[in-house]
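Biologist: Please show me the structure, and then I will ask about it step by step.

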Amino acid sequence: MGPKDHLIEWNKPKRKPVWMSQPDYDELPNTLVLREIKVSESVIITTLKDAKKFPKKSIAAIYGRRWLIELDLRSIKCDMQMGTLRCKSPDMVQKEVAAHLLGYNLIRIALAQSASLHCLHPRQLSFKGSLQLINAFQVILLAGEEDERKMEIRLKLLKAIASTLIGNREREPEPRAVKRRPKPYPLLTEPRNEAKQRLAYA
């Protein structure tokens with residue numbers, strides 16, 4: 001399989017973990033054959049055991065791009081303000097999440113179109129910068145009917161999106177800790193109007 005690329009065997013723990021149910025534990029095989037790859041300072045364990053079909057370099061490249069998932073989730077939660085859902089019923093929460101994901105995908109489409117027109121990779125362009133540009137152009141794009149002028153504006157928007165290059169930024173290690181301190185007040189567990197009335201008659 002090549003240097004620093006070999007198969008290993010993992011044994012099922014003799015004791016069931018506390019968090020796992022007994023039926024799930026019983027269904028697990030007694031042993032599991034996996035592939036262990038060492039690339040630079042990282043050791044990757046994978047079930048992709050075919051070295052010809054899945055070369056070591058390809059797996060390492062995919063593993064290196066795993067951080068993009070975290071960046072995408074951050075874009076949805078922070079840039080698109082989905083960190084706190086505001087709807088109360090399950091149906092409306094589903095619609096709220098669907099609306100955010102729809103908006104996210106539409107922005108990604110605009111990024112892909114802009115990158116394609118200007119010979120760039122979509123990941124080279126800033127998601128937040130594109131979101132701000134689309135918000136700035138939305139009044140013009142939504143007004144009136146589709147015509148040559150609107151098409152020209154759309155092309156200018158895509159050109160502006162192509163200018164939001166982020167470059168090759170190296171991820172610096174960050175502490176996994178919360179900086180913002182909780183406020184010294186109890187949580188509001190009742191409708192605000194009822195809490196205000198209760199204070200008024202207190």
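**Helix packing and charged pairs**

Modeller: This is a predicted model. Helices α4 and α6 are roughly perpendicular to each other.

Biologist: At what angle do the axes of α4 and α6 cross?

Modeller: Helix α6 covers residues 148-162, and its axis comes within 9 Å of the axis of α4. An angle of 65 to 115 degrees counts as roughly perpendicular, and α4 and α6 are therefore placed in that class. The crossing angle is roughly 85 degrees.

Biologist: Which residues of α6 make the contact with α4?

Modeller: On the α4 side the contact is made by Ala110, Leu111, Gln113, Ser114 and Leu117. The residues of this contact divide into seven nonpolar, two polar and no charged. The partners in α6 are Leu155, Leu158, Ile161 and Ala162.

Biologist: Are α5 and α6 roughly parallel or roughly antiparallel to each other?

Modeller: The axes of α5 (residues 127-142) and α6 come within 10 Å and cross at roughly 170 degrees. Angles over 145 degrees count as roughly antiparallel. Therefore α5 and α6 are roughly antiparallel.

Biologist: How many charged residues does the contact of α5 with α6 have?

Modeller: Residues of α5, including Phe137 and Leu141, meet residues of α6, among them Lys150 and Arg154. By class, ten residues of this contact are nonpolar and one is polar. The number of charged residues is two.

Biologist: Which residues are linked with Asp72 in a network of salt bridges?

Modeller: Side chains of opposite charge can pair when their charged atoms come close. The side chain of Asp72 meets that of Arg108 at 3.0 Å, N to O, and the side chain of Arg123 at 2.8 Å, N to O. The residues linked with Asp72 in the network are Arg108 and Arg123.

Biologist: How many residues apart in sequence are Arg108 and Asp72?

Modeller: The two side chains meet in a salt bridge, and both residues are buried. Arg108 lies in helix α4 and Asp72 in helix α3 (residues 67-79), so the pair ties together parts of the chain that are apart in sequence. The separation is 36 residues.

Biologist: Which side chain of opposite charge is nearest to Glu96?

Modeller: Glu96 lies in helix α4 (residues 90-117) and is buried. A salt bridge needs a nitrogen within 4 Å of a carboxyl oxygen, and Glu96 has no salt bridge, with the nearest side chain of opposite charge 4.8 Å away. That side chain belongs to Arg86.

Methods
Residues numbered from 1 in each chain as written. Predicted model: local features only at pLDDT ≥ 70, side-chain atom pairs only at ≥ 80, totals over all residues. Heavy atoms only, no water. Helix = DSSP H or I, 4+ residues; strand = E, 2+ residues; numbered from the N terminus. Buried < 20%, exposed > 50% of the residue type's maximum accessible area, 1.4 Å probe, protein only. Lys, Arg positive; Asp, Glu negative; His and termini not counted. Axes fitted to C-alpha atoms, helices over the stretch in contact; angles between N-to-C directions. Parallel < 35°, antiparallel > 145°, perpendicular 65-115°, else oblique. Contact = heavy atoms within 4.5 Å. Nonpolar A, V, L, I, M, F, W, Y, C, P; charged D, E, K, R; others polar.
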